[in-house]
Amino acid sequence: MTTTDPAPEVTEEEERPIGFGRLLRKEDPRLIRGMGNFVDDIQLPGMLHLAVLRSPYAHARIVGVDKSAAEAHPKVVAVITGEDLAAQGLAWMPTLSNDVQAVLATDKVRFQHQEVAFVVAEDRYSARDALELIDVEYDPLPPVMDVRTALDPATAVIRDDLDGKTDNHIFDWETGDEAATNAVFDKADVVVSEEIVYPRVHPAPMETCGCVADVERVSGQLTLWCTTQAPHAHRTVYALVAGLPEHKIRIIAPDIGGGFGNKVPIYPGYVCAIVASLVIGKPVKWMEDRTENLVSTGFARDYVMKADIAATSEGRILAIRTDVLADHGAFNGVAAPVKYPAGFFGVFTGSYDLEAAHAKMTAVYTNKAPGGVAYACSFRITEAVYLVERIVDCLAHELDMDPAELRLKNLLKPDQFPYETKTGWVYDSGDYEPAMRKAMEMAGYDELRREQAEKRERGELMGIGVSFFTEAVGAGPRKDMDILGLGMADGCELRVHPTGKAVVRLSVKTQGQGHETTFAQIVSEEIGIPPEDIEVVHGDTDNTPFGLGTYGSRSTPVSGAAAALVTRKVRDKAQIIASGMLEVSISDLEWNKGSFSVKGDPSKSVTIQDIAMKAHGAGDLPEGIEGGLEAQICYNPENLTYPFGAYICVVDVDPGTAVVKVRRFIAVDDCGTRINPMIIEGQVHGGLADGVGMAMMQMIAFDEDGNCLSGSLMDYLIPTALETPDWETDHTVTPSPHHPIGAKGIGESATVGSPPAIVNAIVDALKPFGVRHADMPLTPSRVWETMQGNHTPPI
Amino acid sequence: MQVTMTINGQAVSEEIEPRLLLVHFIRDQLGLTGTHWGCDTSNCGTCVVLIDGEPVKSCTQLAAMAGGHDVKTVEGLEVDGVLDPVQEGFMQCHGLQCGFCTPGMMLTARALLDSNPNPSEEVIREAISGQICRCTGYSTIVRSIQWTAEHEASVTIGSSS
Ligand code: FES
Ligand code: FES
């Protein structure tokens, strides 16, 4: 029999901060008891189960679908095909990039595992059984799998559903000044060029995507429990598509088992479940299996980037230019602000002071699954940071300079902030060198280089990789940023009850980041109510204000600002009430995090709890003040916030097997003001593990016939506790000047910053072989090929 | 068919389809939804339960195979309102974020500590290496298990005095 020792590891004050500090999570007591409420945990009376039939072909015309045998299955309630949906005008839906995507294929299938039909049955197993009874006749077409040839004139046209479409082109995009950049390149001492590929990867949260749809027949009320990171945005899209009034749609995102961007888009399965519930009149559950998750939902990356960097022979970086080929799959499902088809890739100038920069990009359709912005990328900053941090290392190689020294020489200086980049991004604040120096000190950088030199003498392969990244998060100012016409602002409501307990309602939604804890801390910091007395309500459109949701590390920069400001609004009102209670003017009051006292006479004071009771109680309030103590706000960020960090990775490569071991990983992050250091550290750790996966283990690969080769966790490898080291983390603090509490966001920094550090380390280890560049994923076989001089790009 | 087993100390006897997986039996039929499901290929370990004290991926077993055995799920860790030290350790050391892998991780940790009360970091990493966490990067899970080991040791010393 086991017992528990609740003795705290940290002091009382650290454990129960009023405001910021290490605070154990409010979410944990239910989750460690198995009492979370995830979508697949939901059981409703009479609930039916939906399973989706998917295409075995990547590109094929649908000749016919015979569903009679499936319909005859005793436990099947309905079988719906694309044609059935088309009859209702529901076969297509908008994507988040103003493209359309088939809910169920009608004319053609355009990627392997595309949705073709669905079955609704009394139980999970029967629904799956019945899929086998549907007979679909396909007429295969040549699949377009190679992004490099997708625009060749002879290539099959994937999107012949679009009026007048005669090729696979989606968009061209550019940023920066091409002429000025070329002029700098022309005069530069050194120019280094490399083709850098960021392969297709997948966020693969442990919980797959799914929903339970329940349409109430008489009232027409739809309740959708859904694995969504953006419940309000989803509701509006459903309202626009289905013509249902928003007040008849309630989206509930219950506990979510990780998102990482995978749960931003609207997937056909959600729409199918809604249609099924509408048609049948019973609640319907759809839950993907792992293969469906990997092969059909939002992928990430898939950029082929030609990069050039120009520098002086002393190592002063002058300019960067890039030409990118972007594979968007069969439907353009990128979830990025409308004016930013390449997301925030424009920050590819990195953390350096350049004279000029230019990027151009062409995006194309291929017969692969749609998606494009997912997996903790801060809207394509993963790609941008990987590009710049890899090409800077190529430059270091060419100049025979230490990569850390080269970076130190070129990092932006503190007096340059706010800094406008050559592509028009205004970095809010930064003090880069101390972060870099701290990481080098933690690593024992010079000592590591000495060790490496000795090992090289002995033929051992050890690599040290450095990356320095600047993130851009917190989308975004509504003058520039919207998704499908919805401004990227976030609402927040705070209500203080008579006894001084409070409830704060957010438009964003945790998928593990700990919002129930950190948002209580933000409110607590501003109003002095202990976090345990503040309930955080989120993930339910009926009970929270409108806002665009949690992705792109936007919760703290946008919604966190909203929470701080709404609390200040409440505090301002509390101050007026306090002035009445203490019979002094407002300006004579002093705030002491939880109470107002009369300046110079601290004995005369009222707590926020006293004020709350007064606000709701009997007796007059100061003139013009209504009863109650609550406020709401909609926060429109003035700018993005720009977290940054310095990462150092140490690897050992086995010269006989080419197996790479990540020996150490040092991460110094600066996310501005720190709300809960324990949670920040956790966010960083998770992203670093992501980096190990992307750099060394995983890729969503296809064969030339269009078969997805990465449809299970046996093929798409995710790091375990054995591939990951014990992370060494630390921080610097450079607050954001425009964010009310100076916080910048931390959710994706490590996913953005770690892949280049790891790849740089592996390439550094392979320096004795003359290697300057190698593409991810650096699996043992790809490292081995590189050692043999046979490195090939992964796509 | 009929299957009878002990779950969290309680005898259960249920009519099942022979092909029913143990994970679905536990989740859907018994309503113990703390045991999760995350893959089709026995890779993720979100479904781990203890069978006769040993960690087992409940997606790789038929419910029928558990007949006659003693099954423990995350719901069985807390006894009479007292948390298992492993649960306390995960809270103290931020061993969870989304909480989806957590029940499986905690049960594996419980089994490990029952057989090896003072495991090294390496042994802990090996023990949980059949399970995937997408959120934590594992260091805090390792720390949670170490915290538990330390506290169980101090409780043992304390109770013997
Ligand atoms: S569900 Fe993944 S191992 Fe059991
Ligand atoms: S806590 Fe989310 S998967 Fe482990």
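What percentage of the 161 residues of chain B count as buried? The figure is 58%, where buried means under 20% relative accessible area, exposed over 50%, and partly exposed in between (1.4 Å probe, protein chains only). Please keep in mind that this is a predicted model, in which local features need pLDDT of at least 70, side-chain atom pairs count only at pLDDT 80 or more, and totals for chains, interfaces and linings use all residues. Residues are numbered from 1 along each chain as its sequence is written, chains are lettered from A and ligands numbered from 1 in the order in which they are written, and side-chain values use heavy atoms, with hydrogens and water left out.

**Chain B on its own**

- Chain B has five helices and five strands, and along the sequence they run β-β-α-β-β-β-α-α-α-α; helices (H or I, at least four residues) and strands (E, at least two) are DSSP runs, numbered from the N terminus.
- With a radius of gyration of 16 Å, close to the 15 Å that the globule rule gives for 161 residues, chain B is as compact as a globular protein of that length. The radius is taken over C-alpha atoms, and the globule rule is 2.2 Å times the number of residues to the power 0.38.
- Along the principal axes, the C-alpha atoms of chain B fill a box of roughly 50 × 40 × 25 Å.

**Where chain B meets chain A**

- The contact (heavy atoms within 4.5 Å) takes 61 residues from chain B and 64 residues from chain A.
- About 5,200 Å² is buried between the two chains, and carbon and sulfur atoms give 54% of that area. Buried area here is the accessible area (1.4 Å probe) that two parts lose on being put together, summed over both.
- Gln92(B), His94(B) and Arg134(B) supply 15% of the area that chain B buries against chain A, more than any other three residues.
- The rule finds seven salt bridges across this interface, each a side-chain nitrogen of Lys or Arg within 4 Å of a carboxyl oxygen of Asp or Glu.
- Arg19(B) and Asp129(A) form a salt bridge at 2.7 Å, N to O.
- Asp690(A) and Arg134(B) also meet in a salt bridge, at 3.6 Å. This pair runs from helix H17 (residues 677-696) of chain A to the loop between H4 and H5 of chain B, and both residues are buried.

**Salt bridges within chain A**

- Over all chains, the whole structure holds 68 salt bridges.
- Lys187(A) pairs with Glu355(A), the closest N and O atoms being 3.1 Å apart, and the two residues are 168 residues apart. Lys187(A) is exposed at 53% relative accessibility, whereas Glu355(A) is partly exposed at 36%.
- Lys438(A) and Asp730(A) form a salt bridge with closest N and O atoms 3.8 Å apart. Lys438(A) lies in helix H12 (residues 432-443) and Asp730(A) in strand E33 (residues 728-731), so the pair ties together parts of chain A that are 292 residues apart in sequence.
- A network of salt bridges links Arg61(A), Asp99(A), Asp107(A), Lys108(A), Arg110(A), Arg159(A), Asp160(A) and Asp161(A).

**Two buried residues of chain A**

- Asn262(A) sits in the loop between strand E13 (249-252) and helix H8 (268-280), and its relative accessible area is 0%. Leaving aside neighbours within four places in sequence, its contacts include His202(A), Cys209(A), Gln229(A) and Ala374(A).
- Thr236(A), in helix H7 (residues 231-242), is buried with a relative accessible area of 8%. Beyond neighbours within four places in sequence, Thr236(A) is in contact with Glu246(A), Leu486(A) and Phe546(A).
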